[in-house]
Amino acid sequence: MACESALPAIMDEQALMGLNPNADACYRQRALVYFEQLKESQDGWEVCAEALAKGVYSDDHVKFFCFQVLEHQIKFRHGSLTAAQQQLIRETLMKWLQAQLMNAHPEKPFIRNKVAQVLSLMFVTEYLTLWPKFFFDILNLVGLNPNGVDIYLRMLMAIDADVVDRDILHSPEEIRRNTLIKDSMRGQCIPALVESWFQILQTYQHTHSELTCQCLEVVGAYVSWIDLNLIANDRFVNLLLSHMSIEELREEACDCLFEIVNKGMDPVDKTKLVESLCQVLQSAGFFNIEQEEDVDFLAKFSRLVNGMGQSLVLSWTRLSKMGDVKVSAEALRAVEAKVPLMLQLLIHEDDDISANIVAFCYDYLHVLKQLPALNEQQKTNVEAIMLAVMNKLKYDDEYNFDSEGEDEAMFVEYRKQLKMLLDRLAQVSPELLLDAVHRVFNATMQNWQTVPFMEVEVAIRLLYMLGEALPASHGAHFSGDATKTSTLQSMMRTLISCGVSEYQHSSVTLEFFETAVRYDKFFLVEPQHIPSVLMAFLDHRGLRHSSPKVRSRVAYLFSRFIKTLHKHMNAFIEDILSRIQDLLELAPPENGFPALLTSDDQLFMFETVGVLIVNGESPAERKQALMHSLLTPLMEAFRMLLAKLPQEANEERQAALADCLSHAVGFASRTSKVFSNKQTVKQCGCSEVYLDCLQTFLPALSCPVQRGPLRSAVRSFLHRMIICLEEEVLPFIPAASQHMLKDCEPRDLQEFIPLISQITAKFKNQVSPFLQEVFMPLVMAIFEVLSRPAEENDQTAALEKQMLRRSYFSFIQTVASSGMNEIMASQGAENIERVLFTIIQGAVDFPDPVAQKTCFIILSRLVELWGGKDGLVGFPDFIYKHIIPACLMAPLKPTFDLSDAQTVLTLSECTLTLHMIHLKRGQECIQFLQEYLPSLQVSPEITQELCQVLQQPDVKVLKNYMKVFFQQAKL
């Protein structure tokens, strides 16, 4: 329907039927089309306005629809409406509101919320210009009518969201407008609004709790930016305090008081306000929290006390900085007076109540940390907080260790907050903390057999937490401060020798191993304890524990333990290997028995065994034999499973077999992590076994099924072998590459390119013949994949292509920067040209600053190599026809965003390319620019200026100039 045509004065009833959520799809589609017509029509919205003003429709969805149409007019068309039409919208809203006052049944909440949004939008649009009496008109109309008050309060919250809420992002223009609105409201109508709130609260506090709570929420929202004296006065505060004693209102009243306390103000005034509020709350009995059974209210009250405490701490900080000793001492006394209440809330059995006071507690400790010395009361307070934290760290009986849900996740979060308190306690008084933990730990460990698990767990946990609370560089907890060292050593000795590792609860077991590994340096000082901890790792307490969660974590911790203490393991290597033999078996998919360890856990085990074998003191022949016995079963299982795979018809079974094969390769790969180069492999006599692995794994590349996972695993192994075997890998690379380039997916290629780049960068001329052979097939495979059509909205395919493009340019960069440019030069003129054009295209056409930067680095390097007098034939011509235009066209693209850091780096490389062209071509380059720049509408003065800057030697000056040049060109 054309925008100009008028719609009939009645609405399309059949289209309206489509507004019902249960309507048929064709009706719903018709309703959508009708909605668009009404929005776009010049006066179609008037039909909706009339329907609302006269109450034509009783269907909620139709009413909502009509308000949506009005909303669209106000939001997008208000400026083009005539004065009469603007007045019509005002009258419609007021008539509708008036009708609500008479309704026996209020509208559904979703309608009332939509009306509130439309009224807020009208207010924001017209208050400063056309409707300055907006609030007075609304207040005069609704009075204290409950239906009217409800919409008035919802509207005020909508206005808060549109004008005040800092969590909503606004444009600079909106911020300016919102500031003007608030200034105008403060001057004109805020006192009237505050009076209306008082009347609503007073009128409905005993009869309509929902309205009263809404009103309290409004007061809380507005108090941050209006004159506090309007609220923080006897009349208003007494009313709020009376609400604290009414069950339905007390939580909202608490929130409202919290917002009042949170308001930014002068520190002296803030201290007075908080103190007077505390006095009233205390005399009203609210501080006697042990008599309060309503935990929801107490959680709100705890938040209020937290706000008051933090406000007082902030006042003290500001007053201390101002040097006002007397007043800051008063503020500190006020803070200290709240500590008993804070402690009661912190120790409360409900974690929500406790969590809400943690921030005040943290800030109080920060105050103590800044004092020159603590008095006796402050020391007592610190000890009380310490005990509270130690108590609250305990798990409760309801914690479900087998199936951790939302409650458990919340407790873990709460524990993190308590840990922050513990760390802060350590800063205030490290000696007190160390002493307290020592006492609790010793008392618990003496009777661990009869103590509940949560107490045993927390005792060990506290020892563990000391490791971060009392930091030591590189975990050197057992040197330096003698008191700390001897206390920690004593606790570790007790932990290992008291037998607590036998405790029958997974949380205690895990905490034992976590702590043993956190303080692994202890075993360097007292190596006599190593055997007993090793046994715990290897038996039913650790790797053979009944809980998979414990076994999994222990596999990782065991690898860390061995890495730190490998020099002390010589006497135990054979014993360890025989005990974990069965944990190193490849679990074939068909055996049906769940393995003790997952494949991820086994990776740590293989890495651990690698560390044990290689770092042991046995001769090279023994190391060679041990590595053989570790890897030979993997190779045998691999050959057997690989032979099975192509014969397997079932896809699920195929995937399971491929998974198992990938694990075998991954395990072998992981054993090699202990080696840093070929030399270290040779010293252990392990080159041969890894070459055997290579020959065993490579046939998987030609397997006709499950190519993706198999290629990925073998590729990772090749990466490792390039480091471990160096040039001994080279004979295997051509055949492997040939298989990996066959029937490629974007992901395969993207992962293959880093392998070729690694080989190129490491072996350079040694692989020149191979690279010459593989270069164009690889490039052609990339071109073929990039040219495949993809769905327009397929984000995954688009991202895969972008990543492949980046990988391709990185490969060309590696070739160019490794001095292997001859490989490109020998590909024939047509092929070189193809590659060069893709680099120009990458620099200019694709809005990807990461790839563009790489392209300019390549171009700069090629100019350096081929751009001189004896460079590649025809390349100077390419510089002038394509490279210089690319350097000037790319930054002029609308997608080239100079406010983006990555793009600025691209511009820097682009500038360096121009600089390199000038270095190589000299005056000829300047002459070309003097002819070429005017064709881009660059003035003669700017052309001359750019050429002069290009000729001076300081590249930094050129970079700064080019940035300004393109910023101005884009204006």
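Student: So is Phe606 buried or exposed?
Tutor: Phe606 is buried, because its relative accessibility is 0% and buried means under 20% relative accessible area, exposed over 50%, partly exposed in between (1.4 Å probe, protein chains only). Keep in mind that this is a predicted model: local features need pLDDT of at least 70, side-chain atom pairs count only at pLDDT 80 or more, and totals for chains, interfaces and linings use all residues. Residues are numbered from 1 along each chain as its sequence is written, and side-chain values use heavy atoms, with hydrogens and water left out.

Student: Ok, and how many aromatic pairs are there?
Tutor: There are 46 in the structure. Rings of Phe, Tyr and Trp (its six-membered ring) pair if their centres lie within 6.5 Å; planes under 30 degrees apart count as stacked, over 60 as edge-to-face and the rest as tilted. Phe606 and Phe667 have ring centres 4.7 Å apart and planes at 10°, so they're stacked.

Student: Which helices do those two sit in?
Tutor: Phe606 is in helix H30 (residues 599-615) and Phe667 in helix H32 (residues 651-671), so the pair ties together parts 61 residues apart in sequence. Helices here are DSSP runs (H or I, at least four residues), numbered from the N terminus. Phe667 is buried as well, at 1% relative accessibility.

Student: New topic: what does Cys684 touch?
Tutor: Leaving out residues up to four places away in sequence, Cys684 touches Val614, Ala620, Lys623, Gln624 and Phe675. Contact means heavy atoms within 4.5 Å.
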